[in-house]
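Please prepare a short report on this fold.

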Amino acid sequence: MTTQPIIFDTDPGVDDAQAIALIMADPDIEVVGMTTTFGNVRVATATHNALLLAELGGQPQIPVAQGADYPLSKTPYPVPTFIHGDDGLGNQPLPTPSGQPDARNAAQFLIDKTLERPGEISLVAVGPLGNLAMALALDPDIVNRVKQVIIMGGSAGRGGNVTPVAEANIFNDPHAARKVLTAGWPLTMVGLDVTLETVITPERMARIAAAQNEDLGRVLSKSYDFYADFYRNNVGLDGCCPHDSCAVAFLKHPELFTTVEGHLDVITEGIGEGQTIFAPAGQPYVSDRWSQNPLVKVCMGVDGNAVVDWIEQTLAG
Ligand SMILES: [Ca+2]
């Protein structure tokens with residue numbers, strides 16, 4: 001398989017950390033860079049964690065460009081320390097990374113890298129979408145320079161996880177999400193419809209952690225334990241959904257997913273804020289307002305066991 005260059009837009013975050021380990025472990029993925037955003041944590045913490053994970057994974061050369069610390073428009077809610085810990089990695093002693101972030105803002109990094117390699121780079125975005133929205137605002141032609149955009153976020157028919165209708169990444173910045181999901185670039189949404197069908201069990205995580213070097217294994221293991229407590233106590237699940245790794249799985253193995261083509265939009269205000277609305281292509285509705293947005297793909301089905309098998313095989317081979 002040819003190597004796939006990606007920029008990973010992230011808010012690490014426990015499931016982000018697993019996904020970062022995954023993209024570093026897969027020899028067929030070239031991590032052109034990581035861009036950071038607020039979301040699971042404030043952006044300074046996200047940048048710290050991205051730099052740290054790159055170093056622990058033995059890839060300190062991966063550039064990390066810091067981005068949005070606030071939503072475009074809404075007043076942010078406090079970061080969810082009860083899910084990811086104050087440090088984003090389950091409250092554990094963490095070393096200070098020695099590297100420094102790229103001098104550029106995340107949006108400028110996205111613009112520059114896609115100018116250098118037009119048509120080659122996939123953007124894999126697994127946090128709130130402010131960085132991609134900012135890049136679109138600064139350089140609308142970026143839609144023609146990406147190979148594809150894969151986002152973890154949203155829900156077409158599964159309801160939400162932070163409100164009855166909204167998934168966290170979209171809820172955190174619905175105005176940015178609306179711009180990104182309707183921008184007209186080749187985009188696939190990997191949302192709760194499929195990520196909730198995947199579970200990393202404690203046994204699987206133990207095997208994954210044991211296969212890493214000691215420092216990275218400890219960070220992944222301890223952060224997983226904290227996250228698993230949330231799932232056990234609040235979701236009633238013995239295991240965790242590897243939401244962000246599912247976007248990477250789609251990049252590598254789209255055949256494990258069922259996609260439907262159609263039109264997405266985002267509710268930006270009011271009680272439904274952060275809800276993604278999906279209109280499958282060709283459905284006749286009473287108004288054409290549902291079919292005016294550009295076509296995108298939405299993942300509606302997945303072989304969840306095959307996805308977590310692939311994750312484990314890649315991380316623990
Ligand atoms: Ca994330």
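Ile6 has Ser122 of strand E4 as its bridge partner. Strand E1 (residues 4-10) and strand E4 (residues 122-125) run parallel and are joined by four bridges. Two strands count as paired if DSSP finds at least two bridges between them. Helices (H or I, at least four residues) and strands (E, at least two) are DSSP runs, numbered from the N terminus.

This is a predicted model: local features need pLDDT of at least 70, side-chain atom pairs count only at pLDDT 80 or more, and totals for chains, interfaces and linings use all residues. Residues are numbered from 1 along each chain as its sequence is written.

**The sheet**

E1 also pairs with E2, in the parallel sense, over seven bridges. Phe8 stands opposite Met34 in E2. Both pairings belong to an open sheet of nine strands, ordered E3-E2-E1-E4-E5-E6-E9-E7-E8, with mixed pairing. Strand E3 (64-66) and strand E8 (276-280) are the edges, each pairing on one side only. On average, neighbouring strands are turned by 30° against each other, direction ignored.

E2 is largely enclosed by the rest of the structure, because seven of its eight residues are buried. A residue is buried if 20 or more other C-beta atoms lie within 10 Å of its own, exposed if 12 or fewer, and partly exposed in between, with C-beta atoms placed from the backbone.

**Helices on the sheet**

H1 lies across E1 and strand E2 (29-36), and runs at about 165° to E1. Helix H7 (residues 174-181) packs on the sheet too, touching strand E5 (148-152), strand E6 (187-190), strand E7 (257-266) and strand E9 (295-302). The direction of H7 makes about 120° with that of E7. Axes are lines fitted to C-alpha atoms, for helices over the stretch in contact, and angles run from 0 to 180 degrees between N-to-C directions.

**Helix pairs**

Two packed helices are described by the angle between their axes and the distance between the axes. Two such pairs involve H11.

| Helix pair | Angle | Axis distance |
|---|---|---|
| H11 and H12 | about 90° | 10 Å |
| H1 and H11 | about 30° | 6 Å |

Helix H11 (residues 243-252) and helix H12 (residues 304-316) pack at about 90°. That makes H11 roughly perpendicular to H12. Ser245, Cys246 and Ala249 of H11 make this contact with Val307, Trp310 and Ile311 of H12. H1 and H11 are roughly parallel to each other. Angles under 35 degrees count as roughly parallel, over 145 as roughly antiparallel, 65 to 115 as roughly perpendicular and the rest as oblique. From H1, Asp15, Asp16, Gln18, Ala19, Leu22 and Ile23 meet His243, Asp244, Ser245 and Val248 in H11. Contact here means C-beta atoms, placed from the backbone, within 7 Å.

**The core**

The largest nonpolar core has 100 residues, and Ile151 and Ala247 have the most contacts inside it. Helix H1 (residues 14-25) gives the largest share, nine residues. Such a core is a set of buried Ala, Val, Leu, Ile, Met, Phe, Trp, Tyr and Cys residues joined through C-beta atoms within 7 Å. Beyond its neighbours within four places in sequence, Ile151 is in contact with Ala125, Leu129, Val180, Leu187, Met189, Val190 and Ala247.

Helix H2 (residues 43-56) has 14 residues and spans 20 Å from first C-alpha to last, close to the 20 Å expected at 1.5 Å a residue. The expected span is 1.5 Å times one less than the number of residues. H2 is largely enclosed by the rest of the structure, because 12 of its 14 residues are buried. Among them are Thr45, His48 and Asn49. The buried residues of H2 pack against E1, H1, E2, E3 and helix H10 (214-235).

Gly58 sits in the loop between H2 and E3. Gly58 counts as exposed, with 11 C-beta neighbours inside 10 Å. Leu216 is 158 residues from Gly58 in sequence, but 9.4 Å away in space, C-alpha to C-alpha.

**Other backbone spots**

Pro12 and Gly13 are joined by a cis peptide bond, with omega about -5°. Gly13 is in the loop between E1 and H1. Asn91, a residue other than glycine, has a positive phi near 60°. Asn91 lies in the loop between helix H3 (81-84) and helix H4 (106-116). Asn91 is partly exposed, with 14 other C-beta atoms within 10 Å.

Definitions and conventions: Two residues are in contact if their C-beta atoms, placed from the backbone, lie within 7 Å.
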